[in-house]
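Colleague: I am new to this structure and would like to go through its charged side chains with you. Could we take it pair by pair?

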Amino acid sequence: MPSVPKSPPSPPSLLHHDNSEAERRLREAEERLREAIEELQRRQRRASLGGAYPPCDHAPDESCVAHAIGNLCQSFLLSYGVRVGVGILLRAFKLAKGQSYSSLLDLKQLVSEKDLIVREEACRIGLLFGGFTGSYHALRCLLRKLRRKETPFNAILAGSVAGLSVLALDDSSRRRTLALYLLARVAQCAYNSAKSKNKFHLWGSHWRHGDSLLFAFACAQVMYSFVMRPESLPKAYHDFIQKTGPVAQPVYKAVRDSCRGGPVDVASLSAYLSSRGKLNSAELEEFPSIIPCSVIHPDTNSCLDHNAKAASATFRKTFPLYFSLTFVPYVVLHLQKFMDAPARTCWLAVRDAIRSTTFLSAFVGIFQGVICLHRKVATVDHKLVYWIAGGLSALSVLLEKKPRRAELALYVLPRAGDSLWYILINRHLLPDIKNAEVALFCACMGGIMYYLEHEPGTMSPFLRGLIRRFLASRISNPSTPSNRNASYTYLQTLDAMKQPKLQESREAEASSSQKYNLESIPGL
């Protein structure tokens, strides 16, 4: 039987050419479809803008008032729950520390108003976050109706006016600290924005440990103020440092008087040493040149032993606090993740709490070690020693994760600025303006909301995620269409399909040119 002749195989070059031609036609069809959809959306937006006012960013079937009230209630309950949860967990640690494990099941001891005094503070925090969220959304909708356009000015004005919710905090020092914290964040966003546009570049921002250096300068000012100018720090913050450290308050007062060349309160110092059973009247002078180590740590003669005990005691005292601040917000803000993997959440909270507590314990140990070392080599005390000790002890921040260092630096920086602000006002170098912290807070919130909506890439991921979480995740980029219909979804799908190809082409260009663009530290 004669065999049927087979057709010759197609050359590989012809198959490759056919595939390339098909891909080219598919890309052209996608581009034409994209242009048609974008033109349709532009016409829809022009039609909507030609009406009474631009469309709001909430659901069309939801009124502006209901949208604002809903966000207010949600943020209030969220922040209130976080504060109460932290208080309950700290109360549980306190009961467990007293070996009263059965009392953990007694709600009267665990959440009674006599022992768990968080109601007023939690309400004030809830009014701060809830009031800002609700008023911000209400003002945004109102400005769209009044101005009949959507511009960055709307976000700035709404954020500034909504910032008046800070009046829910009755303590001016807390408002000032919060305002200075936001000022540091706005400065961070402004710098990142200018740097991305090649308008400004700060020398040293590319340093690997620039965030640690900023943290060191801030800690130097804070610890100097703690020893030499304790009245310049907020009372709650000063009390936290005092309870964390191993040195008693009468000793710090004696050190402060000695550095200033004034008389030491010998009676108060003698009463403290007598209570410790280590009184030696020969070492107490009214005008000492330096307070010796035997007075600073009367319980032990070894400075090394004292520093080790100080670090260990700090770990035991602060671990419940760090665990509460790590575990409770994660559960409240990410409840679904906690429900999916509760064991993993607990393990991550314990791990991060141990790491943060170790950092703080090392901070205390190094600070006390520098003070003792100075007394071994010098006979005269100086207030600059405590500034240097604070800066050196900040090296313990290297124990923290890299992203956390910048957050810690921006957390301590407002405390340092608050202290410096108080000192300059006290010396009449700055005017004392009433409610200046409220005006500063409002201005900073206006800047924060502008960067959140129009330049979110300039903000740190931590702050951006936190604000969007409390704002009910309804803040989006103004360039994003508010009505996410089928055409918008299709465009998003095309972008997602295009990303791998774009990434491959960028990697090919990078490998051919052999150039690497190293991004600077976000926190700087």
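The questions and answers that follow concern salt bridges in this predicted model.

Colleague: How many salt bridges does a search of the whole structure find?

Modeller: Side chains of opposite charge can pair when their charged atoms come close. When the whole structure is searched for such salt bridges, the count is 19.

Colleague: Which residue forms a salt bridge with Glu121, and in which helix is that partner?

Modeller: The closest N and O atoms of Glu121 and its partner Arg83 are 3.1 Å apart, and the two form a salt bridge. The pair links distant parts of the chain, 38 residues apart, with Glu121 in helix H4 (residues 119-147).

Colleague: What is the relative accessible area of Glu400, the salt-bridge partner of Arg404?

Modeller: Arg404 and Glu400 form a salt bridge in which the closest N and O atoms are 3.6 Å apart. Arg404 is partly exposed, with a relative accessible area of 32%. Glu400, on the other hand, is buried, and its relative accessible area is 2%.

Colleague: Which residues are linked with Arg140 in a network of salt bridges?

Modeller: Here the salt bridges join into a network that includes Arg140. The residues linked with Arg140 are Arg144, Glu150 and Glu453.

Definitions and conventions. Residues are numbered from 1 along each chain as its sequence is written. This is a predicted model: local features need pLDDT of at least 70, side-chain atom pairs count only at pLDDT 80 or more; totals for chains, interfaces and linings use all residues. Side-chain values use heavy atoms; hydrogens and water are left out. A salt bridge is a side-chain nitrogen of Lys or Arg within 4 Å of a carboxyl oxygen of Asp or Glu. Helices (H or I, at least four residues) and strands (E, at least two) are DSSP runs, numbered from the N terminus. Buried means under 20% relative accessible area, exposed over 50%, partly exposed in between (1.4 Å probe, protein chains only).
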